[in-house]
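Dear colleague,

Please find the structure below, handed over for your review.

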Amino acid sequence: MTEFNVNRVSAAHSHVDSFNAFIDHYSKHVVKRIPPVYVSADADYLKYLFNPSEKPHYVQISVLSLRIDYPTRPSSECLGSDTRMFPRHAKSAHTTYEAPLVVKFGLKVPGMAGVLTKEIVVGFLPIMVKSKRCNLDGLSPKEMVQQGEDVDETGGYFVIRGNERILRQLIVLRSNYPLAIKSENNRNKHALFTDYSIMMRSQCCDDGCSVSNILYLTVNKRCVFRTIVKSSVVLIPFGLLLRATMPFMSDDELKHRLLEDALGDVELTVYYHRFFLDMTERDPLLSDIDFKENRYLYRLGSACWTQIQQYMPPGATYEECGAYLLRNYVLLQAKTNSEKFDTLMYMFKKLIKVSRGETQTENYDSFAFQELLLPGQIYSCILKESLYMALLKIRSIYQAELIELCKNISGGSARRSKRQVVEMELGSHDPKQLMQQLLERAELFSYAVDKVGPDITKKLHYFLATGNATTTHFELPQSSGLTVVAERINYHRFMSHFRSVHRGSIFAKMRSTEVRKLLGETWGFICPVHTPDGAPCGLLLHLTQFAIPVTDADCSGATDAVKSFLRHQGYHVDFTGNEAVSQFWQLGANDSRRIPVLVDGIPVCNVPMADAHRLYNEIKKAKRHGTFGLKQHYELVALPDSKGQYTSLMVLTYPGRVIRPVRCVKTDIIEWIGPIAQLWSTIAVNEEELKLSHKMLDESNIRKSSKPLSTSEAIEKYREGSIPEPKEGTTLDNVPVKYEYVEVSPTAILSVTAALTPFSNHNQSPRNMYQCQMLKQSMGVPYHCEQFRSDVKAYRLLFPQKPLVTTQEYRRMKYEDYPTGINAIVAVIAHTGFDMEDAMIINKSSLERGAFHGCIYKTKVIDSMPPNAKIREGQYYFNNTNHLGSKIIPSLDKDGLPSVGARVRNGTIICRVEARERIDGGHHTTDRVEKYHDEDAVVDQVTMIGASDANAADRAGASGLKCNRATIKFRIVRNPIVGDKFASRHGQKGILSMAWPAEDMPFLESGITPDIIFNPHGLPSRMTIGKLIECMAGKSAALHGEFQDATCFRTYPKQMKTGNKWIDHGGLKGWEERGGRYMTEEEEAAQTEDDVVDYFGKTLLQAGYDYYGTESMYCGILGTEIKTHIFVGCIFYQRLRHMVSDKAQVRATGPVDAITKQPVKGRKNRGGIRFGEMERDSLIAHGASALLQDRLMHCSDAHTAYVCPKCGSILSATITSIGLTSKFQVSKCRLCDVKCKLVTIPYVLRYVANELASINVGIKLHLSQLGVPIRL
């Protein structure tokens, strides 16, 4: 029975689980974070601000709840009773895979007990495939196949108008971690700021949204807190913010909290005392505002009133405004003001220590202080923005109704306006009372909700279709490029999208390389190989194969779990989460060194520094066994200072963190660690390093316990040989080290794609990077459900093969189900000159037998209704018959569509649509036809999709088609031709330069002719030794009938003796390593491993072939033996999607650039053909100077200009007219006053001359005619 491949399915788990967290957690709690809107009939709020006892009349409109249903289809589209909608329905019809979104709105009048509610289906929300709201969730492999999907369909993407799109995982600052920054950019933000700051990206667990909180140190040693409200910066004095969080804390207690870490440090004590005096002495003992509001919240609210006013109810006070700011924009992860106070105090003390040099600064470009913004969090933020914008539109409708009512009351409107929704009886009622009644009317509330409901999901559809997010009220790191198409060029390309992470589009335009650097903190988390070359290099990264992002959004029990653990360890934790302040003064200066324990940036307890190491080990042990409610994904961090002493213990639990597995040496079980914990952990790469390090550590301990030798004694023993010289490769630079962990696999630093490269540790690193890109560009098998797919463009290799040489990751993922190439016999020989540079010669007979044959599938989507036509019942339909029932267009079927298997070419009619209109009481029928505009193809599949059964009034908002639709899939045969691109698995790409007849190909003694001839000059310059080893390994696999393992960093067992002493003792390499001698018997017995070349060389010897795989070859033309042995083997080759048929381009004239006057680039833009340096070198070598001038100047940007023959300037020439008729013009140099000469130059030269002139640099040209210089 077919089963799921768990390894393949788990590649998209971070996307699917994140969207599930949105469904289970964010969607239920996001409504609590959406601010309500208020509508009042009284616009004069200022008088209520100064008189809080009087409150204006207003209504509050809010979102109470939302519910996401399952995707369904209209009953007219279903054959039976099953109305479930599956992704294949949306893919086939090129629609969106979506489910109804039900939102409940509420209208509340302050002072009244009840709430008027209305629950409606506001639209259809796009659903992620394989999520909990997808109908594929929970299906068995057999049921998956029945629903038109692959068995191992990963999901993790959205189907938007038939296209598969995914949400990008963005690299952002680590949430809820106080990051110590030292940057000169701080001074540019404000004149009073210094270089030091503490930055915290505060994330709320309710909706996944975040806000940036920064604490700056000023030049007068005071602090300013910064937050962002609706894209505007709010600066708050830190002392005011601190007192506002705990307004009823006494001065003595505040002083104690400031000084509790400063005992024994006079300078720090004096500073804290001065800071305390600044906060207290400037505060009056009593003020007028104290009788009305809290003075600190009042001052805080007055400082941010401009930004917060829009979210406050009419008549709100400054105190309420300050409380709203604390609740929604200051440290969102802290739920109470007490937690906010403790966190602010910790940030403040860390800032002071950083400025004094006691704590190290941290780099926000380091991956240790970064995490991922998950798809579920982005989706939640966009939905939150859309719901709030709907509330604002409801408020606008209410305000418009109030204006219309005022016009009617004042008599300005003679008749009822079309904009007026609710008709009010004016009578003799008070106008203010009438407006209040209007606001409370259920009819107006129902109308407004129905009006704005459909706009909620439109924003989400637009966001997923374009990737543009227009968020104005909630913070996102970028506003574009958030979604991309999950291309299925092959299966590897599709899977790599789910493991990719992006640094952000804003960094692509930066000229600094800091964000692109590969730092050591990324070890095991970010693949060092899998990143594209060019502009996105270092920005578009990929997670390693074992690293996973944390998606658990429920963090509510983390603090309780840590407190429970601390109580079990004997620490007293009070209700506020800190030890009692009274105990602090009973301690001496030496005993007062206490460090905080933080959970998501919030201090929960202070513990003695002497217990920190023991406590850290105990909490790791508790997490390892899952006791006290500590989860496996929690990240435990112990930060040491410059002296190696712990300064804090942190427990990080929020989603977005990236963790990876390592094996604990003591317990031999798997633990999950994060990038910060990895900085202070010792991790061995493999078991060999672990054993060697611990062995050397034990020997060093024995040496330390024995009597040390003097220098003369040590030299004498070394000369006698008592102290052997260490062998090369048996010592390590960083040992002896007591390792805590060991890697799960040596290849854990590589991504899934990078781990597929065979023998990658023997290649030059850039070649491994190139292979990661070429593997994703190769033709293969993108999916198995071909008959249920109608992709706009898809590639398929018709006869793929399983590679003979594979890696462990290839077998673990079972990628043989989606192969991307064939095993080819390759001869490394220079043959006929057609294999120069990267070109290759392919056996023509191999191509005729089907090698590298492929095809392209293209789908044409045709709607029966024109794009701008109005929806009318039964007006547009496909038809190809007249009233007699005979065909109108012979090449089409009677349904107006082509038959399957029909051949089409450019200009062929592929469908006919009729439109029936009513004119003068009768029916008039018109028709239109669609033509095919592409290369010759075959109709592979025709699908008819009918419109939904919704009526004409509701069809505009219905989830389905608005008219009949047809999809026609064409199959274009693309067999290899000269100019197509191929590549091996080692980053060496080349084009097919010649299909050589088999009778003229060189052949082996056995009669085998190679499939590919590769030039040997392409190997030394590229340094792809792995390709040579694969050639030997592939040949060995073919001879012995066994697949060979080419996993990176693997070791090879020792082969049996060959009888050749030189080979058995390691050849030249072993001879040089041993200093020019053979191995002794002891050394030979101790050797348990072979070198990779020895291993495969000996297997070839066992099969009767040469050690290196070389063979004698014969010339196919002359029949004579080639005098040298030729390196021949089996290499897995890929055919890339870059084909000359898609790139053929011809241009005489066309668009040019407005600045340089040169042709624009791009085949789609009718641009010019690129003429690069290699093409220029070819023309120079052939002596075709006239052709070179024609291509680079006459057909590009030829320009006539006047040049002064004396000063050589092209900028000083002026043109003046001669005579009264002005028919004759002459050019003179305004500097030299001589006549200028007219020459032809590239226009870009004039552009460069003007650019250089702007920086006071001139260009001087020397003129000559027929080789004679022109001089004046």
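**Charged residues and salt bridges**

Lys1164 sits in the loop that runs between helix 31 (1140-1143) and helix 32 (1173-1182); helices (H or I, at least four residues) and strands (E, at least two) are DSSP runs, numbered from the N terminus. The model is predicted: local features need pLDDT of at least 70 and side-chain atom pairs count only at pLDDT 80 or more, while totals for chains, interfaces and linings use all residues. Residues are numbered from 1 along each chain as its sequence is written, and side-chain values use heavy atoms, with hydrogens and water left out.

Lys1164 is exposed, at a relative accessible area of 84% (buried means under 20% relative accessible area, exposed over 50%, partly exposed in between; 1.4 Å probe, protein chains only).

The number of salt bridges is 62, each being a side-chain nitrogen of Lys or Arg within 4 Å of a carboxyl oxygen of Asp or Glu. In one of them, Lys118 pairs with Asp450, with 2.7 Å between the closest N and O atoms. Lys118 belongs to strand 4 (residues 115-126) and Asp450 to helix 16 (residues 442-466), 332 residues apart. Lys118 is buried at 18% relative accessibility, whereas Asp450 is partly exposed at 40%.

Arg174 forms a salt bridge with Glu635, the closest N and O atoms lying 3.0 Å apart. Because Arg174 is in the loop between strand 7 (169-173) and strand 8 (179-182) and Glu635 is in strand 20 (residues 635-640), the pair ties together parts 461 residues apart in sequence. Arg174 is buried at 1% relative accessibility, and Glu635 is buried at 2%.

Yours sincerely
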